[in-house]
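Dear colleague,

Please find below the structure I am handing over to you.

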Amino acid sequence: MSCLAYMGQAVFAGATRNKTLPDFISCFARHVGECERTGRNGSTANYRMAYRMLVRYVGGGKLPPEQFTAEWLEHYERWLLARGLGTNSVVFHMRSLRAVYNRAVEQGLFPAAGSSPFIPSHERAGMTASGSWELIVNRSPMVSTESIPA
């Protein structure tokens with residue numbers, strides 16, 4: 001059986017569910033394992049690449065729910081850019097994180113924040129000038145368009 005290493009221990013595709021809520025890194029490893037187990041080879045390779053970059057960023061440690069915030073995501077985004085990744089690559093990594101987060105919350109493996117950490121607070125639902133409510137959808141990525149040449 002194939003596995004990923006997490007904090008020096010094997011994380012198997014068929015790992016049993018823990019009674020305590022795991023950190024985001026273990027949720028991500030589990031997701032990679034599920035992709036691998038179900039034969040989604042392209043998805044497995046893509047998620048594994050994003051997983052490895054995330055593990056490198058956190059220094060092999062854990063990422064508990066209380067630290068997984070919009071501010072943390074913005075720091076991670078800046079770190080990716082500082083490593084020389086292009087905008088499309090950063091979008092790829094952020095999209096992978098968002099997909100894993102949504103799936104982990106949906107499966108009850110990771111507690112949902114009050115609102116998604118992927119939508120900056122200034123872009124959440126709000127009242128428009130005309131008085132109607134508008135939900136501003138996450139426009140993926142969180143990358144500023146100011147750095148993109150016109």
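This is a predicted model: local features need pLDDT of at least 70, side-chain atom pairs count only at pLDDT 80 or more; totals for chains, interfaces and linings use all residues.

Residues are numbered from 1 along each chain as its sequence is written, and side-chain values use heavy atoms, with hydrogens and water left out.

Aromatic pairs

A pair of aromatic rings is described by the distance of the centres and the angle of the planes. Rings of Phe, Tyr and Trp (its six-membered ring) are paired here if their centres lie within 6.5 Å; planes under 30 degrees apart count as stacked, over 60 as edge-to-face and the rest as tilted. The structure contains 14 aromatic pairs. One of them joins Phe24 and Phe110, and it is edge-to-face because the ring centres are 5.6 Å apart and the planes stand at 70°. Phe24 belongs to helix α1 (residues 24-37) and Phe110 to the loop between α4 (87-106) and β3 (126-127), so this pair ties together parts that are 86 residues apart in sequence. Helices (H or I, at least four residues) and strands (E, at least two) are DSSP runs, numbered from the N terminus. Phe24 is buried at 0% relative accessibility, and Phe110 is buried at 3%. Buried means under 20% relative accessible area, exposed over 50% and partly exposed in between (1.4 Å probe, protein chains only).

Phe68 and Tyr101 form a stacked pair, with 5.5 Å from centre to centre and 20° between the planes. Since Phe68 lies in the loop between α2 (41-57) and α3 (70-82) and Tyr101 in helix α4, the pair ties together parts that are 33 residues apart in sequence. Phe68 is buried, with a relative accessible area of 4%, and Tyr101 is buried at 5%. One aromatic cluster includes Phe24, Phe68, Trp72, Tyr76, Tyr101 and Phe110 among its members.

Helix α3

The buried residues of α3 are Ala70, Trp72, Leu73, Tyr76, Glu77 and Leu80. They lie on the same side of α3, because they cover an arc of only 155° around the axis (the arc is that of the directions from the helix axis to the C-beta atoms). These buried residues pack against α2 and α4, where contact means heavy atoms within 4.5 Å. The face turned away from the buried side of α3 carries the exposed residues Glu71 and Ala82. Just after α3, Gly84 adopts a positive phi of about 95°.

With kind regards
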